[in-house]
Amino acid sequence: MNVEETSVEVGIESLRDLYADEPSTSINSINNNNAAEEGFEEDVYHDGKPLEMAVDKLKTPPKRKKYVVLLIVMCALGGAVALAVLGIQKNMDQGGSQAIEGSNNNDGNDINGTGAPTLAPSVNFPFTMQERTAETCEGGFRTCTEVEECALQQLFVALNGCEWYDRTNWLSFQPICDWHGVTCSSVEEDGEERVTELDWRENNLRGSLPNALLSVITHLKELEYLDLDDNSLTGTIPSELALLTSLGLLSFSQNLLTGSLPTELATLSSLFYFASRTNQHDGVLPQEYSQWAPRLESLELKDNLLLQGSLFDNLGDFQQLLSLDLEGTDIGGTISTSIGNLKQLWYVALDRTNVRGPIPTQVGTMESLEYFSVYDAYLTGTIPSQLGNCAKLETLDLSYNDKLGGPVPTELGQLQGLAYFDLEANYFNSTLFISSVFLKKVDNSSSVWTSTSWPWPPNLTFFSVQNNNITGPLPSSLGALNFLQWLHLDKNEFEGTMPAALCERVRTNFLQLDADCESPLLNCSCFSSCCPAQI
């Protein structure tokens, strides 16, 4: 709107009251639909006729001349008003506070894809016009109008959204709660739907995690669940995530993330699940994470080879803990005796770590324990007989702890559900008694046994005693194991003849048999793999 048009409009509006006594007079301003983008050009009417005709009428009757003078004065004053309008227009062009946004941008593109005008954000809207506008995967343009919508739109662009495996409804005009991976819930404060979950596992997300999450951290204040597993994200885990105080689940596993774990995340008092497996984190496991103890159910940091530190001193305080997976890290320390307090813990994986010292006898009080694996570590001492009280135990792997030895407790025979038992490369020296008919896999390779009198579980499918010093004849009862599929007897000092039933299973391809076929002590008439004799 130019100064001259503004001055006329101000003058006409000032005359409204002066003409109030004439019922035939009315003055209206009609803005066209493109006023916001075309300079607020207006057509002003009087009695249904153009403004010029209305001004001519003012000049005609002598008794109205004084009002013409007033109009001229008002036109002069209107210049200041016009300058103010021009200032407002400038702010609008910067994405500030336009009243109506047209359906097309300046180069003729249909920004919204609908042809309909979009209501503009308020003056305090946190995104500029440039930030609000994004190119769609189809080559068009769209403009977001809501804060959460704009935050998600920026995230989509930052993480190569057009290459996602599933981008259903993204950058469309469907509600954002219907966009793939987005879940909304009603917020208690105002009852409005807010974004509370983002789940994009295995969706080909690529890009810098800190840059992408900046908008999320700033504008998705109610986020409770963020799962970005199995993608190709780079960078570090941003410490600013601590600002999302409602977060309960954070998972970044199997990406390309680097750097240390942010200490600031310790303040997330609602967090119950934290995982960043198979990345390249370094530094130390923050002891401050012990603040998660009241609620944490799962801590999974497997395969971060450079991640150091030690187990939490207050491990026994994590009484809601279900899963602890630190396999393949450089984390050390000893297993606290307070682990016995963790009655709900069912999964413990400390393989390929620097964990050292004895296995606490208190492990025997962990009534939910199903999986306990600490292979290739630095355990010492003996296996506590109390492990026989873990009635739900299915996997027990203590292999490659070269200072773990002594007798194998007979109490382990009480483990009716044990399916995998591995004592390879240790220093055990007793007969192993296992009575479970449910036993599927037993691997005691490289353990120093001196007896061959084992009670064979009838459902056994895997058995290995390779690389030991076991002597004596092979028990004929091996032939009764009708479900046996893998049998590793090599690198020992067995004597006698291979049971005919086993040879029959080898010939029918039901059994993989590895034996010392070159040993002068063993008459091995059948084998799948011939291993060099050890004597």
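**View 1. Contact between helices H5 and H6.** Val-147, Glu-148, Ala-151, Gln-154, Leu-155 and Ala-158 of H5 are in contact with Ala-212, Leu-213, Ser-215, Val-216 and His-219 of H6; contact means heavy atoms within 4.5 Å. These residues of the contact of H5 with H6 comprise seven nonpolar, three polar and one charged. Here Ala, Val, Leu, Ile, Met, Phe, Trp, Tyr, Cys and Pro count as nonpolar, Asp, Glu, Lys and Arg as charged, and the others, Gly among them, as polar. The model is predicted: local features need pLDDT of at least 70 and side-chain atom pairs count only at pLDDT 80 or more, while totals for chains, interfaces and linings use all residues. Residues are numbered from 1 along each chain as its sequence is written, and side-chain values use heavy atoms, with hydrogens and water left out.

**View 2. Packing geometry of H5 and H6.** Two packed helices are described by the angle between their axes and the distance between the axes. For H5 (residues 147-158) and H6 (residues 209-219), the angle is about 165 degrees and the axes are 8 Å apart. H5 is therefore roughly antiparallel to H6. Axes are lines fitted to C-alpha atoms, for helices over the stretch in contact, and angles run from 0 to 180 degrees between N-to-C directions. Angles under 35 degrees count as roughly parallel, over 145 as roughly antiparallel, 65 to 115 as roughly perpendicular and the rest as oblique. Helices (H or I, at least four residues) and strands (E, at least two) are DSSP runs, numbered from the N terminus.

**View 3. Buried residues of H6.** In H6, Leu-209, Ala-212, Leu-213, Ser-215, Val-216, Ile-217 and His-219 are buried. Buried means under 20% relative accessible area, exposed over 50%, and partly exposed in between (1.4 Å probe, protein chains only). The cover over the buried residues of H6 includes H5 together with strands S9 (193-199), S10 (206-208), S11 (225-227) and S12 (232-234).

**View 4. Leu-171 in the loop between H5 and strand S8.** Leu-171 lies in the loop that runs between H5 and S8 (182-186). Its phi is positive, about 60 degrees, although Leu-171 is not a glycine. Most residues other than glycine have a negative phi. Leu-171 counts as buried because its relative accessibility is 7%. Beyond its neighbours within four places in sequence, Leu-171 is in contact with Glu-135, Thr-136, Arg-142, Gln-153, Phe-156 and Trp-179. Phe-141 is 30 residues away from Leu-171 along the chain, and their C-alpha atoms are separated by 9.2 Å.

**View 5. Arg-352 in the loop between strands S20 and S21.** The loop that holds Arg-352 lies between S20 (347-349) and S21 (354-357). Arg-352 has a positive phi, near 55 degrees, and is a residue other than glycine. With a relative accessible area of 29%, Arg-352 is partly exposed.

**View 6. Glu-495 in strand S32.** Glu-495 is part of S32 (residues 493-497). At 36% relative accessibility, Glu-495 counts as partly exposed. Pro-473 is 22 residues from Glu-495 in sequence, and the C-alpha atoms of the two are 4.4 Å apart in space.
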